[in-house]
Amino acid sequence: MITTDILIIGAGPTGLFTVFEAGLLKLKCHLIDALPQPGGQCSEIYPKKPIYDIPAYPEILAGDLTHKLIEQTKQFEPGFTLGERAETIDKQDDGTFIVTTNKGTKHHAKIVAIAGGLGSFEPRKPLIPNIADFEDKGVEYIIKEPEFYRNKKVVISGGGDSALDWAVFLSDVASEVTLIHRRNEFRGALDSVEKVQELKNLGKIRMITPAEVKGIIGTDKVTGVAVEKKGEDAFIVDTDHFIPLFGLSPKLGPIGNWGLEIEKNAIKVNNALDYQTNIPGIYAIGDVNTYPGKLKLILCGFHEATLMCQSAYQRIFPDKKYVMKYTTVGGVEGFDGTRKDAPKAVVKAIQ
């Protein structure tokens, strides 16, 4: 069983920053996320889209923000359970919690912080009649391990950043990459579109537009997809894998059954104090929560995480009084043995 001080459900920007704020209080964190990597929407849906309202950054790409947050957390050595969804929660007699994932991984924590953004993400599946028959038999909705596609034929369907970026990446891994989109125009970042066009001209990516995949071919596994292109007869593209990347659909998921007070698919919290839910010891921060005046902004999630960690400290150590020190004064001491201190002014007496 994994034990920790604060169990964070959701490894997006708010969840990652919670690790840093908790670390300043000497509290250990472990994060659960249904996605295969940290970063939430920033890394999975729009890694190359710019964000303009992060303090001190006039402009930063969502993926770069994720990388910087991960780098900031490393000194506090957080644990991660990725590719698994928090399924059940059991409150213990001593007020702690045991959270179990859909794969049976158990986590024991003194505090639970739900930072699940808009909820757990589930892939948007295309309306293809027999697609469910081939899931895990050549149909994948999320790419977890690129090497899995080494020297294989791959068909990617979609028109956003995820489809474009993976088509580019897999062009150096798979034996063949075919990108299919129902429009001639793509919704992704301009540099990604230009890179795909360049690889198409080099013969490393086959692009079929405007077209849609209408059926899966195969018996025990995928051997091809049936494609309908505007103005042409339907045809088959041979492939070992079909990867429809149509984005992710946010859902509150099993957390909605934990006895928390829910309002419009969000968790109600006490914003006047610490963003605690109706269950003592369980907090909700970031886009997953709701309260009067709520703004679904990353910077607001950072603020909520900071106050939540202060409350969590008092709950874990009710007899201790924490004296807050600015990091410019107290420095930052990591769990990995590192320490950062601001340069001290040298005071010298005048002779």
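# A walk through a predicted model

Leu295, Leu297 and Leu299 make up a nonpolar patch on the surface, and together they have about 230 Å² of accessible area. Such patches consist of residues with over 30% relative accessible area and no salt bridge, with nonpolar side chains (Val, Leu, Ile, Met, Phe, Trp, Tyr) joined within 5 Å and like charges within 9 Å. The areas come from the Shrake-Rupley method with a 1.4 Å probe, and for residues only the protein chains shown count as cover.

Before going on, please note that this is a predicted model, in which local features need pLDDT of at least 70, side-chain atom pairs count only at pLDDT 80 or more, and totals for chains, interfaces and linings use all residues. Residues are numbered from 1 along each chain as its sequence is written, and side-chain values use heavy atoms, leaving out hydrogens and water.

Leu297 sits in the loop between β21 and α6 (298-316). Helices (H or I, at least four residues) and strands (E, at least two) are DSSP runs, numbered from the N terminus. Leu297 counts as partly exposed because its relative accessibility is 32%; buried means under 20% relative accessible area, exposed over 50%, and partly exposed in between (1.4 Å probe, protein chains only).

Next come some positions from a record. An unreviewed UniProt entry lists Thr14, Asp33, Gln41, Tyr46, Ala86, Phe121, Asp287 and Thr328 under "binding site". UniProt positions are given in the numbering used here, feature names are shortened, and annotations may be inferred rather than shown by experiment.

Where does Asp33 lie? You will find Asp33 in strand β2 (residues 29-33). With a relative accessibility of 10%, Asp33 counts as buried. Neighbours within four places in sequence aside, Asp33 is in contact (heavy atoms within 4.5 Å) with Gly10, Ala11, Gly12, Thr81, Leu82, Gly83 and Glu84. A polar atom of the Asp33 side chain lies 2.7 Å from the backbone nitrogen of Ala11. Asp287, also on the UniProt list, is in the loop between β20 (282-284) and β21 (289-290). Asp287 is partly exposed, as its relative accessible area is 21%.

Now for the charged side chains. Side chains of opposite charge can pair when their charged atoms come close. A salt bridge here is a side-chain nitrogen of Lys or Arg within 4 Å of a carboxyl oxygen of Asp or Glu, and by this rule there are 14 salt bridges. In one of them, Lys110 meets Asp5 at 3.1 Å, N to O. This pair links distant parts of the chain, with Lys110 in strand β8 (residues 106-114) and Asp5 in strand β1 (residues 2-9), 105 residues apart. Lys110 is partly exposed at 37%, whereas Asp5 counts as buried at 13% relative accessibility.

Another salt bridge joins Lys26 and Glu333, at 3.9 Å from N to O. These two are 307 residues apart: Lys26 is in the loop between α1 (13-24) and β2, and Glu333 is in strand β22 (residues 332-333). Lys26 counts as partly exposed at 45% relative accessibility, and Glu333 counts as partly exposed at 42%. Lys26 and Glu333 are linked with Arg339 and Asp341 in a network of salt bridges.

Our last stop is Gly337, in the loop between β22 and β23 (339-340). Gly337 counts as exposed because its relative accessibility is 67%. Gly337 and His30 are 307 residues apart in sequence, and their C-alpha atoms are 19 Å apart in space.

Methods: A polar contact is a pair of N or O atoms within 3.5 Å; within protein, one must be able to donate a hydrogen and the other to accept it, and residues adjacent in sequence count only if both atoms are side-chain atoms.
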